[in-house]
Amino acid sequence: MVFVVFLILSSVMLAFSSGGFILNFKQIGFSLLSSAQRGINAVATTVVDTVNAVNELSKLREENAALVEKLKNYEYMQRTNVEIRKENERLLEQLDFSRAVPQKNFAARIIGRDPDGLYSALTIDKGSIKGIKKNMPVIAIQNGQVGIVGKVVTVGLLTSLVMPVYDVKCSLSVRIQDTRDIGIVSGAGNSDTSLLLRYIKKRSKENVKVGGVIVTSGESKNYPRDIPVGTIIEARAFDYDSSLEIDVTPVIDFSRLETVLVLDLSEFNPSFAGSQEN
């Protein structure tokens with residue numbers, strides 16, 4: 001045992017004397033410090049990057065919200081511009097139409113509808129102050145097609161009521177444009193249903209064609225002559241009746257009608273295009 005102890009001590013002393021156990025404490029301290037600095041730097045960098053990422057995400061969200069709002073405004077402006085262009089087109093068409101009518105006329109806008117009243121009335125934004133009178137005929141242009149709307153039945157100071165041709169109380173003297181046969185058109189009380197043309201003689205049935213145009217006769221003096229009323233969709237003959245029953249589709253689509261012209265048949269239109277040419 002003593003020998004073993006001496007042997008170990010001799011080996012340790014020999015190792016120290018040869019420099020094998022000499023420790024470089026400066027190098028060890030530097031290594032430990034640099035490792036700690038690397039760890040701290042890595043943690044700090046991660047924290048900074050995370051904070052920057054959060055801030056960047058917040059900015060991106062704000063920018064995205066702003067872009068979404070700008071997009072909404074842009075889409076709204078587009079829709080508004082489209083409506084403005086369409087309105088300008090309608091007004092230009094109305095202006096040209098007004099100048100092309102030989103009678104004095106008043107442009108008016110439909111501001112109300114009353115399908116459940118005594119009359120299937122259309123309310124317009126012109127009244128007696130603007131020169132509107134009872135029984136004045138009302139016409140319109142729609143997609144380039146001129147057609148009869150009805151007549152004024154009630155006049156207020158600022159507004160008036162128009163009885164349309166589809167009203168059950170409306171009767172209109174008309175002609176079949178091709179055959180010149182004369183009859184009476186009346187309404188069924190609903191703008192979605194056809195008009196009914198009566199008092200056309202049976203002998204004219206062969207000449208009555210589907211798609212034929214019905215126009216005002218001008219004989220009653222309540223409406224101008226040859227204004228389109230509608231087109232023929234069916235003609236029926238009955239043994240018990242000496243005249244035909246003819247279904248007519250109105251020229252004017254009343255569900256889309258927005259503006260009309262009220263005519264004063266007693267006065268000439270000073271802006272009439274024909275008078276300017278002369």
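Arg180 sits in the loop between E6 and E7. Its phi is near 65°, a positive value in a residue other than glycine.

Keep in mind that this is a predicted model. The protein chain has an average pLDDT of 81, and 75% of the residues score at least 70.

E6 covers residues 171-176 and E7 covers residues 182-186; the two run antiparallel and are joined by five bridges. Ser171 stands opposite Ser186 in E7.

What do E6 and E7 belong to? They are part of a closed barrel of six strands with antiparallel pairing, in the order E6-E7-E8-E11-E10-E9. On average, neighbouring strands of this sheet are turned by 40° against each other, direction ignored.

Next, the loop between E9 and strand E10 (228-236), where Asp226 is found. Asp226 also has a positive phi, near 65°, and is not a glycine. With a relative accessible area of 36%, Asp226 is partly exposed.

Last, the surface. Which residues form a nonpolar patch there? Ile129, Leu157 and Leu158 do, with about 350 Å² of accessible area together. Leu157 is in the loop between strand E4 (145-155) and strand E5 (160-164). Is Leu157 buried or exposed? Its relative accessible area is 59%, so Leu157 is exposed.

Note on methods: Residues are numbered from 1 along each chain as its sequence is written. This is a predicted model: local features need pLDDT of at least 70, side-chain atom pairs count only at pLDDT 80 or more; totals for chains, interfaces and linings use all residues. Side-chain values use heavy atoms; hydrogens and water are left out. pLDDT is the predictor's confidence in each residue, from 0 to 100. Two strands pair if DSSP finds at least two bridges between them. Helices (H or I, at least four residues) and strands (E, at least two) are DSSP runs, numbered from the N terminus. Axes are lines fitted to C-alpha atoms, for helices over the stretch in contact, and angles run from 0 to 180 degrees between N-to-C directions. Patches are made of residues with over 30% relative accessible area and no salt bridge: like charges are joined within 9 Å, nonpolar side chains (Val, Leu, Ile, Met, Phe, Trp, Tyr) within 5 Å. Accessible areas come from the Shrake-Rupley method with a 1.4 Å probe; for residues, only the protein chains shown count as cover. A salt bridge is a side-chain nitrogen of Lys or Arg within 4 Å of a carboxyl oxygen of Asp or Glu. Buried means under 20% relative accessible area, exposed over 50%, partly exposed in between (1.4 Å probe, protein chains only).
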